[in-house]
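Hi,

Here is the structure I promised to pass along.

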Amino acid sequence: MTAPGVDDGVAGALPERAATERRLHPVTPFRRAWAPVAVLVGWAAHDPNQTQEQLTRLTTTTLLVALAVLVPAAALYGFLSWWFTHFAVTDTELRIRTGLVFRRAAHIRLERIQAVDVTQPLLARIAGVAKLRLDVVGADKKDELAFLGEAEARALRAELLARAAGFAPETAREVGEAPARELLRVPARSLAVALVLTGATWGTLAAALVVPPVLWLATHSVWTVLATGLPLLGAAGASSAGRFVREYDWTVGESPDGLRIDHGLLDRTHETVPPGRVQTVRIVEPLLWRRRDWVRVELDVAGSANSVLVPVAPRAVAEAVVTRVLPGATVPATASLSRPPRRAGRCVPLWWRGYGIAVTDTVFAARHGLLRRSVALVPHAKVQSVRLAQGPWQRLWRLADVHVDTGADKTVTARLRDAGEAAELLRGQAERSRTGRRDARPDRWMA
């Protein structure tokens with residue numbers, strides 16, 4: 001199997017030296033042994049009534065025999081899946097071979113690696129192991145190596161980043177993990193207060209408390225109440241306690257291989273924002289945060305699932321971090337954002353006041369939202385296409401929308417602009433994007 005972008009002629013002229021295959025950490029079989037058990041649990045949950053009937057018919061002896069068969073079978077499956085999983089780092093790619101019955105071989109070109117994250121679930125932290133997850137250009141989901149020893153995972157991560165930056169194999173192993181300088185650490189108290197002041201937290205909690213009693217009065221069905229109430233309670237927990245646990249001790253550091261993000265109370269995650277791959281930065285300001293001048297910073301990264309840069313921070317601190325992600329860029333002041341003309345209220349009453357744009361030498365900025373404000377910053381070099389859209393009602397009032405498409409398959413829109421201004425913005429942005437790509441820094445690790 002050959003990865004995309006490999007030149008067979010060059011590969012034939014420069015034979016790749018053989019690489020030593022390695023196995024995962026010996027604790028991995030315990031993790032994979034749960035797969036057969038999970039299948040049985042899923043089958044039982046699919047039809048709980050039939051499962052209960054079957055269990056009542058079983059005797060104690062039958063249950064003990066079933067356990068005596070299931071436990072060794074699960075252990076054997078975990079061992080064999082671990083035994084048949086190997087990985088190796090060659091001169092040009094990371095190779096992963098896995099599969100007991102159905103074999104799978106992944107050949108990941110090192111120069112196509114977007115990000116390498118180290119995650120440690122709670123039990124993995126106790127066992128001293130970690131999971132290595134890789135974002136690769138063109139891949140729909142992350143490849144992963146689970147589990148490696150914590151020290152081995154960090155060493156392999158550093159080697160992969162160095163190799164992706166162009167270091168020779170021998171040099172890459174000596175480079176080690178690049179030092180990081182802390183830029184931001186979110187206090188637990190600030191995070192808790194920010195979650196309390198978030199409308200989504202109260203909205204999901206109110207729905208979880210109000211909807212189940214209403215359904216009970218309307219249907220008198222316990223299953224209907226549980227089927228609706230449990231997901232609502234889960235959503236309420238995920239938007240409050242779950243988010244606090246996930247974003248606890250959020251730290252942003254700067255290193256030669258990009259911005260490093262460490263976070264998590266129970267499951268600890270170490271992520272990297274790939275340099276040069278950030279397509280859009282959004283500065284979000286919920287209504288109840290404005291009095292404290294707090295904001296949240298989110299990202300769109302090409303080929304990566306990393307989406308949050310700063311969960312909550314004072315505006316000045318957050319904007320300082322943004323300048324590290326977008327070198328040379330400045331966040332436009334709120335007063336500098338140009339609103340649509342007043343006749344835009346004929347298309348979108350009241351909410352038109354939440355729209356605005358600003359164009360600087362480095363970024364295209366568009367704001368939307370009246371209660372929950374969000375300003376999206378797109379570097380000119382990351383703009384893939386620019387479009388002008390105008391519906392019949394907008395044509396009547398001489399208005400138009402300008403859509404800016406980025407490399408992360410996202411779109412930032414300047415809404416309800418004057419038609420003449422929109423046409424000029426379309427022409428000017430196309431030229432700024434062309435010159436921005438010409439002058440942009442290379443999208444390489446440690447560049």
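By a nonpolar core I mean a set of buried Ala, Val, Leu, Ile, Met, Phe, Trp, Tyr and Cys residues joined through side-chain atoms within 4.5 Å. Keep in mind that this is a predicted model.

With that in hand, the largest nonpolar core comes to 38 residues. Inside it, the residues with the most contacts are V278, V281, L299, L309, V325, L326 and L377. Two or more residues each come from helices α9 (188-196) and α12 (315-325), and the strands that do likewise are β9 (258-263), β11 (278-285), β12 (294-301), β13 (308-314), β15 (363-368) and β16 (373-379). Another core lies apart from this one, with 22 residues, including L94, I113, L148 and L156.

Zooming in on V281: leaving out residues up to four places away in sequence, V281 touches V297, E298, L299, V322, V325, L326, V375, A376 and L377.

T280 sits in strand β11, and it counts as buried because its relative accessibility is 1%, under the 20% cut-off.

Of the 447 residues, 40% are buried. Among contacts with a separation of 6 or more, 55% are between residues 24 or more positions apart. The chain exposes about 23,600 Å², with 61% of that supplied by carbon and sulfur atoms.

Cheers

Key:
Residues numbered from 1 in each chain as written. Predicted model: local features only at pLDDT ≥ 70, side-chain atom pairs only at ≥ 80, totals over all residues. Heavy atoms only, no water. Buried < 20%, exposed > 50% of the residue type's maximum accessible area, 1.4 Å probe, protein only. Helix = DSSP H or I, 4+ residues; strand = E, 2+ residues; numbered from the N terminus. Contact = heavy atoms within 4.5 Å. Areas by Shrake-Rupley, 256 points an atom, 1.4 Å probe, with all protein chains shown as cover.
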